[in-house]
Amino acid sequence: MKLPRAFLKLWIGQTISELGTWLGALGLLAILQLNATPAQMGLFETLRTLPVLLIGLFAGVWVDRACRRPNGRRQLLIGADLGRALLLGGVVAAALTGLLQIEHLYVAGFLIGCCTILFDNAWHAYLPALVPGEALVAANSRVTATTATAEILSPGLGGLLVQRLGAPLTVLFDAFSFLASAFFIHTIGEEQPPTSAGDGQDQHVWREIQQGLRLVGEDGRLRAITAAAATTRFFGGFFQALYGLYILRVLGLNPATMGLMVGAGGLGSLAAAFVVDRIARRKGLGRTMMLTLFAGGALQLFPPLAALPGAPVLLFVLISQLCGDIFGAAYSILATSLRQRITPLHALGRVNASFEFLAGGLGVIGIFCGGLLGERIGMTTTLVIAASGIALASGWLWPLTKLEDG
């Protein structure tokens with residue numbers, strides 16, 4: 001399916017920034033140069049995602065208000081990219097001068113998280129303005145293919161760059177990727193407000209926030225997706241806090257090998273991007289979403305099983321990355337496309353923000369809990385709990401099996 005030229009420019013910029021993000025440089029900098037503990041990594045990852053609770057709902061209002069002005073969302077995207085580039089540049093400067101402390105990464109991570117919340121919300125609201133509704137799954141599949149390609153190439157490259165050049169200079173590559181993304185978004189032509197302004201002029205911010213939350217609560221499909229996402233994010237937060245430490249310290253892999261294993265998962269995501277639309281049409285949207293979420297969670301049991309005596313460590317990690325990402329990417333494409341398709345364009349920023357506030361909020365708590373549990377009961381046991389919780393989250397999607405056509 002041929003997609004609009006404006007989308008292709010947005011896609012190129014997103015591709016470059018994803019390549020930089022998947023280097024994983026900030027996390028490696030904390031682990032390898034600052035010798036972060038599990039609790040410190042948990043706090044670091046918590047602060048990176050905490051903005052979803054503090055500013056997420058306000059970001060949704062900001063995005064919807066920008067939607068009513070020419071070029072508003074595009075300007076938000078560019079500003080968020082430039083902000084992230086500047087913050088990463090500051091981290092590099094502190095590291096190269098020997099002044100970097102874990103507290104600096106806490107602050108930088110939090111502020112980068114603020115920019116990311118704004119960018120992601122604006123991006124998801126911008127896409128339906130560039131692509132017709134019937135092409136949303138195709139567009140989201142291409143974006144997922146981009147992320148998958150970055151996941152294939154960048155983690156291994158990041159590990160090699162850290163070993164050869166050091167973590168600070170690897171962070172610098174990430175900063176430049178955001179500058180490139182801002183440039184390509186800038187080249188998109190003039191953007192006009194949607195013909196239907198929906199709720200019209202700006203209202204009081206709290207009233208607009210309530211409207212977004214009410215839209216999520218009133219639609220059974222959005223409720224199911226949000227509940228599943230909240231449960232998945234909570235238990236997925238355990239992995240986010242501990243996975244790098246677990247792979248490097250418990251399983252004993254080096255950064256380059258870890259990068260290659262993570263990169264292998266991108267092959268699964270890439271495969272999912274090409275087949276998910278066809279499978280959903282054949283099997284039904286709701287059943288496909290439920291199956292992919294359950295399978296993706298169950299496959300995350302393999303990394304903790306890799307710690308058993310005599311277990312084939314590389315094979316088990318590879319299975320979880322490669323096969324787990326097939327199902328995880330397929331679910332993400334379908335859930336995102338459904339949310340974009342059934343939400344009025346003028347309210348998409350607030351609905352996305354409400355979704356991220358409710359789901360991402362539990363994700364923040366999950367990251368923090370994961371770090372604490374990793375120290376109290378061990379990282380292996382914590383990851384077993386996490387994988388089981390993600391698989392069981394698929395139960396929330398049962399209502400969607402009766403709402404096949406969205």
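Reader: Hi! Is Leu242 buried or exposed?
Author: Leu242 is buried, as its relative accessible area is 0% (buried is under 20%, exposed over 50% and partly exposed in between, with a 1.4 Å probe and protein chains only). This is a predicted model: local features need pLDDT of at least 70 and side-chain atom pairs pLDDT 80 or more, while totals for chains, interfaces and linings use all residues. Numbering starts from 1 along each chain as its sequence is written, and side-chain values use heavy atoms, without hydrogens or water.

Reader: Thanks! Which helix is Leu242 found in?
Author: Leu242 belongs to helix 11, residues 220-250 (helices are DSSP runs of H or I, at least four residues, numbered from the N terminus).

Reader: And what is Leu242 in contact with, leaving aside neighbours within four places in sequence?
Author: Leu242 touches Pro38, Gly370, Gly371, Gly374, Met379, Thr382 and Leu383 (contact means heavy atoms within 4.5 Å).

Reader: How far apart are Leu242 and Leu291?
Author: In sequence, 49 residues separate Leu242 and Leu291, and in space they are 26 Å apart, C-alpha to C-alpha.

Reader: New topic! At what angle do helix 5 and helix 10 pack?
Author: Helix 5 (residues 56-67) meets helix 10 (residues 205-218) at about 100°, and their axes are 9 Å apart. Helix 5 is therefore roughly perpendicular to helix 10 (65 to 115 degrees counts as roughly perpendicular).

Reader: Which residues make that contact?
Author: Helix 5 brings Leu57, Phe58, Val61 and Arg65, while helix 10 brings Val205, Trp206, Glu208, Ile209 and Leu213.

Reader: How many of the residues in the contact of helix 5 with helix 10 are nonpolar, polar or charged?
Author: There are 7 nonpolar residues, no polar ones and 2 charged ones (Asp, Glu, Lys and Arg count as charged; Ala, Val, Leu, Ile, Met, Phe, Trp, Tyr, Cys and Pro as nonpolar; the others, Gly among them, as polar).

Notes
Axes are lines fitted to C-alpha atoms, for helices over the stretch in contact, and angles run from 0 to 180 degrees between N-to-C directions. Helices (H or I, at least four residues) and strands (E, at least two) are DSSP runs, numbered from the N terminus. Angles under 35 degrees count as roughly parallel, over 145 as roughly antiparallel, 65 to 115 as roughly perpendicular and the rest as oblique.
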